[in-house]
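Student: I would like to learn how to read a structure like this one. Could you walk me through it?

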Amino acid sequence: MAFKLNWISASFDKDKPDEVIDVDNLRMEPAIDEVQRMNYSCTKEKIMTKDWLKEYAPKIPSELVLQKPKLDQLNAWLQIATKRVGMAPILLITGPPGVGKSTALKVLAAVQHIQLTEWETPVDIDNAELAGSGHLIQSQASRFEAFLLNSGRYVSLLDNGKGMKKLILVKEFPNVFTLHPTQLFDILRRYHVMGRVPIVFSLQEQTEGSRGIFPKQFLEELNIQQISFNKVPNKSIMKALKRICTLNKTFSAPSADILEKIVECVHGDIRNAVLQLSYELVQDKHGTIKQHNSHSVRHASHKQKSKIIKPSTVGRQNSVKMSKKQSSGNKSSKEFEAGGKDRQLPIFQRVGRLLYPKKSQDVAFLTHNPEEIVDQTLAHPGRLLHMVLENYLKVFRDMNDSCRAIHYASDADTMMSEFRERELTLPMALSTLARGFMTCKSTASRKWTPLTNQEYFTVRQRTRAVREQIISTNPKYVLMPRDATMDILPIIYGGLSSRLDSHPCEDELCDTSDDEADMVLLAEGSKNLQHCLSTVIDAASGIQVAPKEVVTAEKSDADNIKGEECMTGTPYEIQESESDDESKISEELPKAWLDNDIEFINNVHHF
Amino acid sequence: MSLWVDKYRPNSLTKLDYHKTQALHLKHLVQQGDFPHLLVYGPSGAGKKTRIFCLLRELYGPGVERLRLEHMNIQTPSNKKIDITTVSSNYHLEVNPSDVGFHDRVVIQELIKTVAQTHQLDPSGQREFKVVVICEADCLTKDAQHALRRTMEKYVATCRIILVAHTISRVIPAIRSRCLGVRVGAPTKDEIISILQSICRKEGLSLPNELAERIAMQSNGNLRRAVLFLETCKVQQYPFQPDQKVAAHDWEIFLKDTAKMIVQEQSPQKLLQIRNRLYELMIHGIPSEFIFKGLLQELVKNCDMQLKTQVVEKAAFFEHRIHLGSKPIIHLEAFVASFMASYKKFMEATVADLF
């Protein structure tokens with residue numbers, strides 16, 4: 001430790017605080033370093049400052065920035081959970097990083113006199129070291145389980161909170177559980193029966209494309225309640241920052257401009273906002289001269305994109321735009337140059353922006369840059385295409401508009417399928433898509449329609465199911481699926497829907513009685529032909545079914561065995577998880593959309 | 001008893017009912033003892049597979065009739081396991097690589113390699129090569145086709161490849177030049193009628209000529225379909241009536257209804273319904289090009305000459321797009337949308353002319 005301190009002081013002795021600060025380097029350093037650095041410089045100036053995050057952390061519930069209803073929910077859970085006897089209740093808190101999930105829990109627990117015990121994943125000790133000592137080698141999973149059981153049982157000697165209620169907080173898992181979640185589930189099931197102390201899992205929000213560690217069935221099975229926090233609204237962040245400024249006696253309060261810029265740049269991350277603020281203030285104190293190096297200009301131009309450009313006349317648009325860009329770029333770089341987070345939009349909000357494009361007063365410009373919307377995508381770009389396609393018809397009112405729009409989608413798909421020049425065509429395709437859809441809509445009707453998730457993947461799943469059924473009818477059909485589905489199966493089974501019993505055919509749409517008669521006739525015929533079906537299968541059984549033969553690229557036996565093992569397990573699992581994901585999203589959807597919309601409006605106010 | 005289609009399938013080249021000179025040529029080709037790679041193409045229901053099977057029987061004797069079903073497990077370079085089902089005898093192997101989507105290249109390479117690396121064990125087997133029949137060769141990806149080209153050259157000593165395709169326009173020229181192309185055209189109406197009559201004779205039924213003609217008309221040159229229709233008719237009603245109804249396939253009816261809906265109303269809401277119906281068709285395994293063709297045939301019936309050219313042009317454009325792109329539904333929808341837009345304009349213009 002001492003060595004480390006030396007190292008830090010040595011490196012910072014070189015550059016005197018009054019000298020120009022290399023912003024590039026600062027940007028690269030993680031937040032923790034920033035804090036350390038600040039500590040250092042502050043001690044040197046004999047100013048008493050500690051970690052701002054700790055110092056200005058909220059102490060009472062009213063200081064928390066989270067939404068009131070969610071806090072009430074959390075509070076209610078805490079009250080019930082700590083009183084309850086019997087099965088140990090479990091809570092799952094999700095939310096993006098830096099919204100104050102843990103802080104909220106700590107504050108509320110402190111109010112109710114609950115003692116928090118936090119799980120820390122131990123660092124593995126080297127095997128060589130262990131060999132000498134008489135330690136038991138324990139797997140991380142069993143350590144985790146032991147922790148859960150023991151923390152409720154024993155009271156620490158150092159704590160004086162006797163008779164306090166307890167709560168276990170888990171913010172991270174041992175890595176084993178990400179690979180084998182079932183192990184975790186087993187431990188929790190056991191704990192649910194045996195344990196007494198409530199557990200709270202505080203996890204990051206499940207990002208697009210990846211699933212959370214807990215599947216829905218499991219949450220239901222153990223009666224786990226879930227509270228998910230949203231991003232902190234900008235107003236609340238502003239309030240919190242102002243509170244810190246008033247509490248802070250050492251530094252003079254920054255201008256409202258700077259605060260606003262900080263708020264704008266952190267995108268609902270309160271922790272980051274506090275760090276930025278401290279950074280800004282320390283810089284002010286030192287009176288550093290900020291230089292416009294290449295980095296700050298780049299940063300400025302990035303920020304500038306989100307600004308609304310309103311050129312006064314169309315004729316001068318280019319020059320005006322350029323000059324505006326220059327001036328505003330310079331301005332922002334003068335005032336603010338700390339690094340911000342990349343903005344991430346949830347997919348529904350992005351689709352909303354594409355389908356309900358906002359035009360600035362001058363019709364020639366769109367409020368949101370199409371490329372930027374696309375850039376903010378986290379999921380596979382194809383997903384955006386599907387989402388837009390799934391929903392555009394509900395929004396568009398005019399046939400010509402939708403015709404033009406889908407034409408652009410067709411262009412985009414063609415470009416996206418070009419694999420060889422992918423780096424080049426993919427952005428072009430997405431840009432075509434975004435611009436196409438944003439410009440095609442002529443009638444501006446903003447009626448609230450819920451966006452739905454993509455149908456495409458359920459369609460694919462059902463296609464697979466139908467195919468499997470075809471093969472189960474007669475394994476020979478695998479060689480000629482086209483002929484089988486088009487000629488033979490319609491004869492054997494009558495009616496498109498009866499081929500797959502699970503979904504109804506939209507027969508009410510066909511209104512011509514003639515055809516219905518046909519269908520009935522066909523159905524009768526098919527009924528009579530059912531006996532042929534059995535004989536078809538008989539004929540198929542003439543083909544001997546050989547035991548599964550494994551052909552792998554590698555010829556070793558071990559690989560073959562491995563291959564067979566994988567074969568039995570994997571494909572179904574993947575399918576299940578996919579469907580799981582989809583269903584979850586579609587459930588969450590209307591609420592998510594609503595929340596996003598509100599937040600979106602908030603943001604607009606702030607701009 | 002099995003379906004008539006399978007029951008009355010000819011099993012030797014001499015017993016084929018039509019394209020007899022071609023059959024004779026194939027017989028001579030095989031009698032020579034060796035033959036080049038073949039590319040058999042033609043519309044569905046024309047008898048491509050039947051001819052291949054006859055050829056194999058001519059080549060190896062009745063041993064090829066003892067088929068067995070095998071599930072192969074192949075590992076891709078990216079360590080993904082893929083399953084593929086093959087039908088094989090001691091002498092040949094049938095496989096449909098396009099079944100596994102874009103992994104078909106691996107199937108081609110690994111499967112043919114395993115087949116080709118093993119020589120015929122049976123010393124009494126007349127031939128020293130095995131035959132691999134690749135079904136739906138026109139559905140293979142370009143990658144797989146290029147892989148096939150190399151494989152064809154490398155293992156020519158131990159293995160012959162017979163490709164089956166509906167159209168050769170989607171088979172790359174490199175493969176077309178390496179194979180002997182055999183075109184199996186659809187049978188004519190008279191040929192179909194005579195085949196239907198002969199089946200009825202063997203079954204001991206009497207088939208009125210009018211009905212046979214109608215079945216032949218409805219089947220549209222697809223012999224398999226014609227025989228299936230005949231059997232359906234028999235199950236529905238026997239003795240046959242000359243004016244008996246020949247039921248069309250359910251998906252064709254469904255497609256026709258969809259076309260009617262398009263003509264009835266042109267609005268984005270309707271388009272949404274149409275899209276769901278198109279999805280329904282695709283789920284049931286109807287290839288997108290058939291959906292396209294069926295839709296177009298129905299839609300142009302409602303157009304005048306000027307509109308027809310527009311619609312067909314659009315159709316050609318988007319049909320091409322289906323092959324370029326990866327998601328057929330988008331292009332189908334785009335076609336329907338553009339038809340709706342131009343039809344609506346056309347209708348509005350005619351209504352305006354009336355007043």
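Tutor: Happy to! With 22 C-beta neighbours inside 10 Å, A:Ile168 counts as buried, because the cut-off for burial is 20 or more. Keep in mind that this is a predicted model.

Student: Where in chain A does A:Ile168 sit?

Tutor: A:Ile168 belongs to strand β3, residues 165-170 of chain A.

Student: Which residues does A:Ile168 touch, not counting those up to four places away in sequence?

Tutor: Its partners are A:Thr117, A:Trp119, A:Leu148, A:Ser151, A:Val197 and A:Ile199.

Student: How should I read burial along a helix?

Tutor: Start with the general idea: an α-helix has 3.6 residues a turn, so residues three or four places apart point the same way. Now try helix α6 of chain A, residues 101-111, where A:Lys101, A:Ala104, A:Leu105, A:Val107 and A:Ala109 are buried.

Student: What covers the buried residues of α6(A)?

Tutor: The cover includes α5 (68-83), β1 (90-95), β2 (114-119), β3 and β4 (199-204) of chain A. Notice that β3 is the strand that holds A:Ile168. After α6(A) comes A:His113, which has a positive phi near 60°.

Student: Where do B:His19 and B:Asn220 lie?

Tutor: B:His19 is in the loop between α1 (4-7) and α2 (20-31) of chain B. B:Asn220 is in the loop between α8 (209-219) and α9 (223-236) of chain B.

Student: Is B:His19 buried or exposed?

Tutor: B:His19 is buried, with 20 other C-beta atoms within 10 Å. B:Asn220 has 13 such neighbours and counts as partly exposed.

Student: Could we step back to chain B as a whole? How many helices and strands are in chain B?

Tutor: Chain B has 14 helices and 7 strands. Of its 355 residues, 44% count as buried. Taking contacts in chain B between residues at least 6 apart in sequence, 71% join residues at least 24 apart.

Student: Which residues have the most contacts inside the largest nonpolar core?

Tutor: They are B:Val40, B:Val132, B:Leu163, B:Val164 and B:Leu196, in a core of 80 residues. Leaving aside residues up to four places away in sequence, B:Leu196 touches B:Leu207, B:Ala212, B:Ile215, B:Ala226 and B:Leu230. Apart from that core lies another, of 62 residues, with A:Leu385, A:Val395, A:Ala405 and B:Phe335 among them.

Student: And how do I describe two packed helices?

Tutor: Two packed helices are described by the angle between their axes and the distance between the axes. For helix α7 (residues 189-203) and α8 of chain B, the axes come within 9 Å and cross at roughly 125°. The two helices are therefore oblique to each other, and their crossing is right-handed.

Student: Which residues of α7(B) and α8(B) make the contact?

Tutor: From α7(B) come B:Lys189, B:Ile192, B:Ile193, B:Leu196 and B:Gln197, and from α8(B) come B:Ala212, B:Glu213, B:Ile215, B:Ala216 and B:Ser219. By class, that contact has 6 nonpolar, 2 polar and 2 charged residues.

Student: What about α19(A) and α20(A): at what angle do their axes cross?

Tutor: The axes of α19 (residues 381-395) and α20 (residues 399-416) of chain A cross at roughly 165° and come within 11 Å. That makes α19(A) roughly antiparallel to α20(A), and the crossing is left-handed. Residues making the contact include A:Leu385 and A:Leu389 of α19(A), and A:Ala405 and A:Ala409 of α20(A). The contact divides into 8 nonpolar, 2 polar and 1 charged.

Student: One last pair, please: which way do α10(B) and α12(B) cross, left-handed or right-handed?

Tutor: Their crossing is right-handed. The axes of α10 (residues 250-264) and α12 (residues 288-299) of chain B come within 9 Å and cross at roughly 50°, so these helices are oblique to each other. Among the contact residues are B:Leu255 and B:Ala259 of α10(B), and B:Ile291 and B:Leu295 of α12(B).

Conventions
Residues numbered from 1 in each chain as written. Chains lettered and ligands numbered in written order. Predicted model: local features only at pLDDT ≥ 70, side-chain atom pairs only at ≥ 80, totals over all residues. Helix = DSSP H or I, 4+ residues; strand = E, 2+ residues; numbered from the N terminus. Buried ≥ 20, exposed ≤ 12 C-beta atoms within 10 Å, placed from the backbone. Contact = placed C-beta atoms within 7 Å. Core = buried A, V, L, I, M, F, W, Y, C linked by C-beta atoms within 7 Å. Axes fitted to C-alpha atoms, helices over the stretch in contact; angles between N-to-C directions. Parallel < 35°, antiparallel > 145°, perpendicular 65-115°, else oblique. Left-handed = near helix turned anticlockwise from the far one by under 90°. Nonpolar A, V, L, I, M, F, W, Y, C, P; charged D, E, K, R; others polar.
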